[in-house]
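Here is a friendly briefing to read with the model open beside you. It goes from single residues to the place where the chains meet.

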Amino acid sequence: MNVQALRRPAAWVWLAAMLLGAWLATRATYVADLSAFLPSSPSAEQRVLLEQLRHGVTARVMLVGVRGGDAALRGEASRGLATALRAGGEFDSVNNGDTLGAPKAVGELLMGHRYLLSPAVDAQRFSVDGLRDGIADTTAMLGTPAGAWIKPLLWRDPTGEMARLAETLLPSGGPRVEAGVWVSRSQPRALLVAITRAGGSDLDGQAQAIAALHHAFEPWAARGLSLDLSGAGVLGVQSRTLIKAEVERLALWDGAIVLALLLLAFGSLKALGIALLPVASGVLAGTVAVSLGFGQVHGMTLGFGTTLIGEAVDYAIYYLVQARPAAGSAPGAGALHWRRHSWPTVRWGLLTSLAGFSALVFSGFGGLAQLGVFSVAGLLAAALTTRHLLVDLAPDGAPGLGLRMRLGQATARMASALPRLRWFWGGLGAAALALLLCLPSAWRGQLTHLSPVSAKALTLDASLRADLGAAELGTLVAIEAPDEATALQRAEQASARLDPLVAAGLLAGYESPTRLLPAAATQAARQAALPDADTLRARLKLATVDGLLPADRLEPFIADVQAQRQARPLTRADYDGTPLATALQAQLLPAAHGRPWTVLLSLRAGTQALPAARLRDAMQGLPDTRVVEIQPELDALYARYLREAFWQSALGALAVLLILYAGLRSLRRLWRVALPLAASVVLVLAGLTLAGVALGVLHLVGLLLVGAVGSNYALFFDQLAQQDAREADAETLASLLLANLTIVASFALLCTSSVPLLVALGEVVAPGTALCLLLSASWARRPGGVGQSGP
Amino acid sequence: MTPLRRIVWMLLALASTAAAAAPADLGSLLPLLAAVKSGEATFTEQRQVTLQDMTRTLESSGRLSFAAPDTFVRETLKPRRERLAVAGNTLTMNQGSRSRSVPLDTVPEAQVLVEAVRGTLTGNRELLDRHFTLQFSGSLDQWTLDMVPREPLLREQVARVTVSGVRAALTEVQVQLAGGDRSTMKIVESRAP
């Protein structure tokens, strides 16, 4: 190493920056959920959806299946697991269909407010006829298995208000019950639904909850049972683990391949070490910039970062190869020569890359913006490290020779042969363009394609959901209101519009928070319908004539009615700490982060199909009430995502052209630089379209990267065309080939990943950059240079 | 008498005894029941209910109908109109103007009663065996099928279901609840198949 370098400020500035960066990077928060790929300025419908995805209870639902053994053992395990999880601190509520195991406090709360909650309560209900009918309905259940539930409450609740409440609160399409617990209809599996205390996007909390669940299950696992686990949080944790493992694996292999290539090329460990400095600086700078700018680093951004190795190592290769001094020149002359002749070209290449990626910085989608910031910061750091640190550390380029000479010769031979293929490439490019124009667009990626969740995990999730009978319509009615009272009132209005649809069989039912928490006015109206003790006693006497229940035994009923006449109306706070709080939280979202109170009524599909238009008609005229179809909204979300990314890429491409023109100052040269890039993009797109790949946002990002890397090649060929030095040609060409080999190797590696978005990047960038080099070489104008063979 | 002839006689004798006294087992009853694809009947039901220190009898009557393979309707006409219909796995209850449908298998205590009757009416051995330990007594002309739910938790609600009948016709369904309450439904077929 050049000791002189330590006397220069560049080395110290770099070292200080790296230390600071490393410290910041260790303190960064790393996330891996899908939320970074959701927009920051959604439409009203999308806002509802995203709120659900980010903070809603749906994101905290953990679906648990217990397999193995026989039904009795699974039932025992289900009860044991539920008890253990309820006792632990990780879960808000656990439901396994076991009515006996359900906490008693809820029953007391509902019992104590049943006349405020029951939709049946009105003045008619407490008339003589109403009482007689109510009592007859209840006593008709005696002598049947249902009688066992009714008898203990009979004298307090002869009109069966609790049975009514149970009907409205229990969804009518639940799972099958066997051995006292929920079980699957399609396979031997007991089912539980647990709501984690941790939020859905708190993956550390989710991981803890999963660990707690596995721990609680240990005794049953020892008896041969196994767990099926799914839910948003579970998938999030799996994704994070997968991405982490993939990033580590790819970084390792990528590193090994790049090291091997460099070692072969330079034959020197020192050169190798130096070549890696810009890479390390780039990845660190990118990570820190994203962490500082966004408060967190998405796992995918890091995955992308490992691929930045391919781009950043180019700078080092260019320098180390091209800075070789001419024979007999003074030490350090190579660096001076490189700065004068090659750095301007690298700088133009850098500027075009920055222009391309900075378009992403302004994306409304956090994930894309992170990629943009990461790339801009990473490339800048890598280039600056090359320009200022490498020239000090290795003033005469790479000391070792390795296979460079032979590489240079081979490249020169290739470069001189390639222009013969110029018409072949031209024809192929034109054919590809025609193909793209004729074939239907392959830009049909979906939001779920961004998710690294495996098909197997999704199948398990779907089968557990199907078992639970959550035949959700995929449609929500979302109501917004400035305060809680208005929200509940509007929910009751919407419910009144939904009830006829349920009666007509168009809906199997719907969830509404007003079942647990009727609007204050409604509760007051029900209280007003309750008669005083004497009136009620007199009416009961008449109503029970010839009946099964003697009036004089019904004093507990009269006492309860009197107590509830005076009772304080139920509020949200009354449900705190009960399992029902979760249900309520899912349906009634308090105002937060500047958004209003929101009520979500989720609908269950009926026996007949219900068109969304019919539902919208039914909701017509209700204030701030919207019908939200989940899948179409998600599709629209992604379409917007893709559209936005297209515009940003187009702007980026335009910026690249402008910068190139500013540097080249000749439309003719601009044409020569831009054409190979454009043709490569067209060829890659045509190839992927023919292969039947569904193109998405990550393919677009890959194309940007192709442009960023490829513009360097094209510019170098342009530079060569302007010069007339044969020897420098061979060196420069060798550096280009070496740079290209590393990047193709890195990205080809990505194609082996099990994370779809990394594959998307790989399958675009690997062939794209290779084509850029080939096409630039084929179409290069070589006055008096090695490639002088074309017309 | 040649040995061959003796064997033939013995076989004939065996066959005739088999035909004379119908074997009292479930295996021969169920095909009879299975052959009946639909039917209608009237019923009267008495329920013995204990409420604290009082024991009361609730009486009701109405119509029953059945259509293979899995539709069963019980319509109570007195003292109040009430309808309970099962089709496949869907249980629909109507009381006055209210109607409610639930998947039958989400309410095991109701399912066990439905399957006892439906399984007998359709002669479905596999279905009955899955839910109950069976005890057959009597003859084809006057039989009783005693069914105890296999699942221990269910036995804490429904202790046993006893179905009696005359050949392919059900005449009585008795349900013994674990709490001591009991219901007896007497059935009179109104339309023979």
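A residue is called buried under 20% relative accessible area, exposed over 50%, and partly exposed in between, using a 1.4 Å probe and protein chains only. By that scale, D129(A) is partly exposed because its relative accessible area is 46%. This is a predicted model, in which local features need pLDDT of at least 70, side-chain atom pairs count only at pLDDT 80 or more, and totals for chains, interfaces and linings use all residues. Residues are numbered from 1 along each chain as its sequence is written, chains are lettered from A in the order in which they are written, and side-chain values use heavy atoms, with hydrogens and water left out.

**Chain A as a whole**

- Chain A has 29 helices and 13 strands, where helices (H or I, at least four residues) and strands (E, at least two) are DSSP runs numbered from the N terminus.
- Of its 791 residues, 54% count as buried.
- Take contact to mean heavy atoms within 4.5 Å. Among contacts in chain A between residues at least 6 apart in sequence, 82% join residues at least 24 apart.

**Salt bridges in chain A**

- A salt bridge here is a side-chain nitrogen of Lys or Arg within 4 Å of a carboxyl oxygen of Asp or Glu. Over all chains, this rule gives 37 of them.
- D129(A) pairs with R132(A) in a salt bridge of 3.2 Å, N to O. Both residues lie in helix 6 (residues 128–139) of chain A, three residues apart, about one turn of the helix.
- R132(A) is partly exposed because its relative accessible area is 38%.
- R568(A) forms a salt bridge with D574(A), with the closest N and O atoms 3.1 Å apart. At 52% relative accessibility, R568(A) counts as exposed.
- A network of salt bridges links R67(A), R189(A), D228(A) and D467(A).

- D461(A) forms a salt bridge with R465(A), the closest N and O atoms being 3.0 Å apart. The two sit four residues apart in helix 18 (residues 455–467) of chain A, about one turn of the helix.
- D461(A) is buried at 11% relative accessible area, whereas R465(A) is partly exposed at 34%.
- The side chain of D461(A) also joins that of S230(A) in a polar contact of 2.5 Å. A polar contact is a pair of N or O atoms within 3.5 Å; within protein, one must be able to donate a hydrogen and the other to accept it, and residues adjacent in sequence count only if both atoms are side-chain atoms.
- S230(A) lies in strand 7 (residues 226–230) of chain A and counts as buried because its relative accessibility is 0%.

**Where chain B meets chain A**

- In all, 30 residues of chain B are in contact with 32 residues of chain A.
- The area buried between the two chains is about 2,600 Å², with carbon and sulfur atoms giving 52%; buried area is the accessible area (1.4 Å probe) that two parts lose on being put together, summed over both.
- On the chain B side, L51(B), R98(B) and R100(B) lose the most area to chain A, together 20% of what that side buries.
- Five salt bridges cross this interface. One of them joins D105(B) to R185(A), with the closest N and O atoms 2.5 Å apart.
- The largest share of the side of chain B that touches chain A, five residues, comes from strand 6 of chain B.
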